[in-house]
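User: Hello! I am new to this structure and would like to learn how to read it, so please take me through it feature by feature.

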Amino acid sequence: MRRGWGALAFAAALTMTATPLTAQEKTGNKPGFTLAPGTVTIVLMRPEIAVGAQSTGGAYEPNADWTDQARENLGKALAEAQGQLGNRVVTYVEPVGQGAAVAHEYRALFTALADSVQTYQFFPGNRLPTKKRDDSFLWSIGSEVASLPGVQGADYALFVTTEDHYGSTGRKLLQVFAAAAVGVGVSAGVHKGYAGLIDLKTGDLVWLNADLAMGGDVRTPEGAAKRVAQLLEGFPGKPVEAPVTSAATKTAAR
Amino acid sequence: MNKFGNKFGNKFGIVAIGLGLIAAPVAAGNRLIVPGQPVAVAKSMLTVTPAVEWNKLGARPGRNSETWTFDGDALNDLTFYGGIEPERTLFREVSKRNKPLPRVKATMLVTDIPTLVENSYRIALDTPLFTVEGMEPMAFAGKPGIRFTYSFTRPNEDLPRKGEGRGAMIDGKLYLITFEAPRLHYFDAGVASFRQVADSAKL
């Protein structure tokens with residue numbers, strides 16, 4: 001038993017040292033962007049939510065029940081939070097027909113954009129040279145978004161994406177085994193969360209929170225509330241409140 | 001990671017996952033490509049002269065290739081293939097035994113190039129959603145070549161992408177430059193810069 005705990009501790013230590021995310025930045029602002037409370041209308045897009053299991057080999061297996069639970073829990077948590085963001089936040093009314101498909105495609109584009117910011121801006125060792133300059137937090141989904149049905153009359157759109165892969169028992173065992181026997185850190189689980197604010201006049205990303213290791217089990221109401229609080233931490237124009245996590249976040253734009 | 005990097009690790013079990021984790025943080029080294037200066041690409045004699053600045057990614061999709069981007073390869077991806085020799089593949093093999101990638105043949109015609117790209121993508125990306133939209137003759141580095149357009153969607157992602165390729169078979173080797181980006185905003189925003197780079201190609 002002692003050996004077992006030793007292996008576990010070793011695994012935990014290895015996983016912590018092996019992770020490249022320690023230097024990762026988590027928040028970015030477009031240079032010069034500020035938002036005063038009570039001045040704008042923000043449309044909250046339907047969140048993109050995916051929940052599944054991570055197999056022993058690391059492959060993602062979608063789970064429809066978990067995704068439904070997360071959708072309900074995160075929906076409630078977002079509805080509760082949206083009144084406390086300092087500005088008028090309205091829920092996006094999904095258009096019918098082709099408009100719905102375009103809205104869906106824009107949500108996918110936001111996710112790809114946030115993935116890129118995460119990979120090529122927030123991780124300093126992999127930052128693109130053109131994104132290294134001062135005041136270089138310049139990312140956009142294009143000004144064409146202004147013509148998306150249902151966003152007219154709003155100033156900004158808030159996009160939210162979450163993707164959770166809960167490690168299976170086999171994956172967790174592999175994590176311990178790989179660390180103890182091979183000396184390799186294997187991650188168990190993915191808990192990706194992106195919240196980003198898009199200026200609807202330009203399509204520019206003016207604020208982004210992005211983390212691949214978010215807290216809160218989105219399959220439970222309490223966990224979903226914690227996740228939403230973390231997603232919206234530091235939201236522009238939001239009244240100041242106590243920090244949700246103890247870890248200080250760094251800002252990409254300087 | 002490169003555009004096909006996510007395919008590795010799922011099939012090879014423990015060892016590949018371990019190796020992937022060790023290798024992942026090392027794949028940095030993105031470099032600035034300055035405008036107005038000829039630059040040799042893809043470890044080959046192929047040179048291009050870009051009119052605007054690009055980022056060259058440290059990660060390569062294959063042995064004789066390199067990728068340039070403005071905002072990351074998921075948003076705009078310009079890839080050079082600099083003389084892929086006969087019996088070589090466009091990308092690193094995903095699973096040589098179970099799903100071997102098609103190989104370049106010295107006898108290929110330029111009209112075979114879009115088919116090679118299509119079959120390589122279908123296997124490397126594991127997607128059934130790939131369509132060659134059109135093709136026409138167009139000189140490449142002063143040699144008879146082809147221009148073709150395509151569209152595809154990666155699995156687990158509802159983001160349709162458009163692509164355009166320019167290539168030729170020169171001395172039995174495949175030279176190819178492709179550009180691909182999401183059809184929303186990014187393709188139209190970047191395709192002119194790609195065409196300028198492709199027009200400037202010299203051997």
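Analyst: Let us begin with strands: two of them pair if DSSP finds at least two bridges between them. Helices (H or I, at least four residues) and strands (E, at least two) are DSSP runs, numbered from the N terminus. This is a predicted model, in which local features need pLDDT of at least 70, side-chain atom pairs count only at pLDDT 80 or more, and totals for chains, interfaces and linings use all residues. Residues are numbered from 1 along each chain as its sequence is written, while chains are lettered from A and ligands numbered from 1 in the order in which they are written.

User: Thanks! In strand 8 of chain B, which residue is the bridge partner of Met135(B)?

Analyst: That partner is Phe148(B). Strand 7 of chain B and strand 8 of chain B run antiparallel, joined by seven bridges. On to the next pair: strand 8 (residues 146-152) of chain B is also antiparallel to strand 9 (residues 161-170) of chain B, again over seven bridges. There, Thr149(B) faces Glu164(B) of strand 9, and Ser151(B) faces Lys162(B) of strand 9.

User: What is the order of the strands in the open sheet of chain B?

Analyst: The eight strands come in the order 1-4-5-6-10-9-8-7, with antiparallel pairing. At its edges are strand 1 (31-33) and strand 7 (130-137) of chain B, each pairing on one side only. From one strand to the next, the twist averages 25°. Helix 3 (residues 186-199) of chain B lies across strand 6 (77-84), strand 9 and strand 10 (173-182) of chain B, at about 155° to strand 10 of chain B. Such angles run from 0 to 180 degrees between N-to-C directions, with axes fitted to C-alpha atoms, for helices over the stretch in contact.

User: What does chain B look like as a whole, in helices and strands?

Analyst: Chain B has three helices and 10 strands, and its pattern along the sequence reads α-β-β-β-β-β-β-α-β-β-β-β-α. Of its 203 residues, 44% count as buried.

User: And how many helices and strands does chain A have?

Analyst: Chain A has five helices and eight strands, following the pattern α-β-β-β-β-α-β-α-β-α-β-β-α. Of the 254 residues of chain A, 37% count as buried. In this chain you can find parallel pairing too: strand 2 (residues 41-44) pairs in that sense with strand 5 (residues 88-91) over four bridges. Strand 2 of chain A is also parallel to strand 6 (residues 156-167) of chain A, over three bridges. Ile42(A) takes part in both pairings, opposite Val89(A) in strand 5 of chain A and opposite Tyr156(A) in strand 6 of chain A.

User: At what angle do helix 2 and helix 5 of chain A pack?

Analyst: Two packed helices are described by the angle between their axes and the distance between the axes. Helix 2 of chain A and helix 5 (residues 221-231) of chain A pack at about 50°, with axes 8 Å apart. They are therefore oblique to each other (under 35 degrees is roughly parallel, over 145 roughly antiparallel, 65 to 115 roughly perpendicular and the rest oblique). Among the residues that meet here are Ala70(A), Leu74(A) and Leu78(A) from helix 2 of chain A, and Pro221(A), Ala224(A) and Val228(A) from helix 5 of chain A.

User: Why does Leu78(A) count as buried?

Analyst: Leu78(A), which sits in helix 2 (residues 64-81) of chain A, counts as buried because it has 23 C-beta neighbours inside 10 Å. Leaving aside neighbours within four places in sequence, Leu78(A) is in contact (C-beta atoms, placed from the backbone, within 7 Å) with Leu44(A), Pro47(A) and Val228(A).

User: Which residues have the most contacts inside the largest nonpolar core?

Analyst: They are Leu113(A), Ala157(A), Leu158(A) and Ile198(A), in a core of 95 residues. Helix 3 (residues 98-122) of chain A gives this core its largest share, nine residues. A nonpolar core is a set of buried Ala, Val, Leu, Ile, Met, Phe, Trp, Tyr and Cys residues joined through C-beta atoms within 7 Å. Not counting residues up to four places away in sequence, Leu113(A) touches Trp139(A), Ile141(A), Leu205(A) and Leu75(B).

How values were computed:
A residue is buried if 20 or more other C-beta atoms lie within 10 Å of its own, exposed if 12 or fewer, and partly exposed in between; C-beta atoms are placed from the backbone. Two residues are in contact if their C-beta atoms, placed from the backbone, lie within 7 Å.
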